[in-house]
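Here are my notes for you, as promised. Keep the viewer open and follow along point by point.

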Amino acid sequence: MQIPEQPDKTLLMRLQEGEARAFATVYELYKQPMALRLLQLVRNEAYAEELLQDVFMKVWETRALINPDLSFKAYLYRIATNMAFNFMQRASKEREIMERIIQSSTELYEHVEAELLNKENEQLIARILDGLPTQCRSVFTAVKLDGFSHKEAAERFGISTHTVNNHVQKASKYLKTYLTSPGGLPFLLALYLFS
Amino acid sequence: MFVLGVNDGTLAAEQDIKQLFERYRSGQCSAEEIVRLYDHFGIDANRAVLEERIADALANTDEAPRALVYRAQQVADRVGARLRERVVANPNPPGPRPRSLRWLPYAAAAMLAVAIGWWAIGQRLAHDGQETVPTLAGAVDIAPGANRATLTLADGRSVDLSEAQAGIIIGSDDITYQDGVSLGLSTVGAGGGTAMEELVLTTPNGGTYQITLPDGSRVWLNAASTLKYPSRFSADERVVFLEGEAFFSVTRQPSAGGSMPFRVVTDGQTIEVLGTEFNVSAYADEVETKTTLAEGSVQIVNQRSGTVNRIAPGQQAVTREGHTDIRHVDVAQYTAWKSGRFHFNRTPFGDMIGQVARWYDVEVVYRGAVPKETFTGKMGRDLSLMEMLGLMDISDAAIRLEGRTLVVQ
């Protein structure tokens, strides 16, 4: 994952002048790498959110100090490093924070699969499972997204419940491997419904 | 709090930090190890080493597990929403002097790409012709297709049908638009009286039209398609000929022997039904003929081999030369066009671009291999070509519009 080196100079000048739209664009540029690394660092979703918000609020509040001729990436990452250090130092002294981090550190990947298996993520799931045979994919989707029982799915697809079981297991394993292996997520088409 | 011997800012502490930090970042630390790592933060002498580790971790560009990437996306989206609120609510907080009060709503730019997408939709033009229209950026765009078709009578006369109308009705003694207004054709040519004449309804690229046949069955004709049908059906069967794509909603007609069959003859398949809804795609420039069943039951005869298959709702019969395959499909994907939508679901690039080319009346030229990507998503067919392509996430292929030619590189 690449981190943009330097936003366009006019963009930085607009940010410096307090244009919120420029701020939004800068956030769009850096949000994904920054969110990912903060999450990996503090190993807790809620704390990563707090930190990410604080880092960018700091950028907004100190925007007048931004020099468009100097490295914005260095500026941003210096702010983030300071804030992350301060947070971790605070965590080392506050038992409650420590306990939450210990708890979430090992659970960070758990539940992602369960959360993903939701009707509204149908497109994402479809693209992730693209490499599987059609029937395996359809059966898995029917069971996991549409809520068909194994028996109902068996009737619908004209196969045995044993085969349904195999398909579901195979696709589950595929999804798990996919999620735990390094890489990017597929981009989706913008979804617009006209009815 | 302190672990003996390692928290004193020495080389030993530095090594302990480096080693623990790596394991911690990849989620391999035990609870005790996490506490030990954090304990290092309590010693001032460790600050430089810890900050260096943090800076390295933040600037890391290695690929992370996808589950973490997914989580990070959600974190970034939620924070984006909160930043928007805070910045809109308090655009100029006290602080180092902002030099200007120039202000534009953050909301409009929160997600740039999406905003542009919505802009495109908001800017939908009142397309009434298929001329090229200039966009704001100065580039040339192409309007979407519309209600366009030509009706050819048995005597060779042809009539361009009104674009203000969506369909025609073949009555027993007149041909009218759907709102009842007569096309004003003489009864003989229009198929009135007792003569059985062949009529032809043709849509161009970028055209679609509906027709109600003499038996009340309705047909939606997609772009670049031709339907041949008689002005009156015979007493024992109903037969129409199709090249291109159409959706049929066939009414059941009682007859002496039960129900009167309705046949759609294409180059690859003959589809025989009694009363049902189905979509047929039989373009001459595509190797496969596909019939997708929405309701009821249809029988498919392979024109080459003569093999007969019966399909159930949710199934599709795909004929390629002498072979017919039956598969389960998402029917909505194949009938969305008649409701004015593109619906792609893991659709190969070639199929996707074929639909686009027919609807926008453009030619597709490949300057390299056909991209291997598949496409998933739905969008309105009333978008202009550039709006539509802008919403597609075509990452492997660069598409350029030159006149009415889409160049795929």
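1. Let's start with A:L52. Setting aside neighbours within four places in sequence, A:L52 is in contact with A:M34, A:A35 and A:L38, and also with B:V75, B:A76 and B:V79. Bear in mind as you look that this is a predicted model.

2. Now the nonpolar cores. A:L52 is listed with A:A35 and A:L38 as having the most contacts inside the largest core, which has 69 residues. Helix α2 of chain A gives the largest share of that core, 15 residues. Another core, of 36 residues, lies apart from it and includes B:I170, B:L201, B:L221 and B:A317.

3. Where does α2(A) bend? Find A:K31: the bend there is about 50 degrees, and a proline, A:P33, follows within four residues. Just after the helix, A:R43 takes a positive phi of about 55 degrees.

4. Is α2(A) mostly out in the open or enclosed? Of its 23 residues, 20 are buried, so the rest of the structure largely encloses it.

5. β12(B) runs antiparallel to β10(B), with 4 bridges, and B:V219 is partnered with B:F248. It also runs antiparallel to β11(B), with 3 bridges, where B:T226 stands opposite B:E243.

6. With β15(B), β12(B) pairs in the parallel sense over 4 bridges; look for B:F241 and its partner B:V265. β17(B) and β12(B) are antiparallel and joined by 6 bridges, with B:A246 partnering B:V280.

Methods: Residues are numbered from 1 along each chain as its sequence is written. Chains are lettered from A and ligands numbered from 1 in the order in which they are written. This is a predicted model: local features need pLDDT of at least 70, side-chain atom pairs count only at pLDDT 80 or more; totals for chains, interfaces and linings use all residues. The bend at a residue is the angle between axes fitted to the seven residues ending there and the seven starting there. Helices (H or I, at least four residues) and strands (E, at least two) are DSSP runs, numbered from the N terminus. A residue is buried if 20 or more other C-beta atoms lie within 10 Å of its own, exposed if 12 or fewer, and partly exposed in between; C-beta atoms are placed from the backbone. A nonpolar core is a set of buried Ala, Val, Leu, Ile, Met, Phe, Trp, Tyr and Cys residues joined through C-beta atoms within 7 Å. Two residues are in contact if their C-beta atoms, placed from the backbone, lie within 7 Å. Two strands pair if DSSP finds at least two bridges between them.
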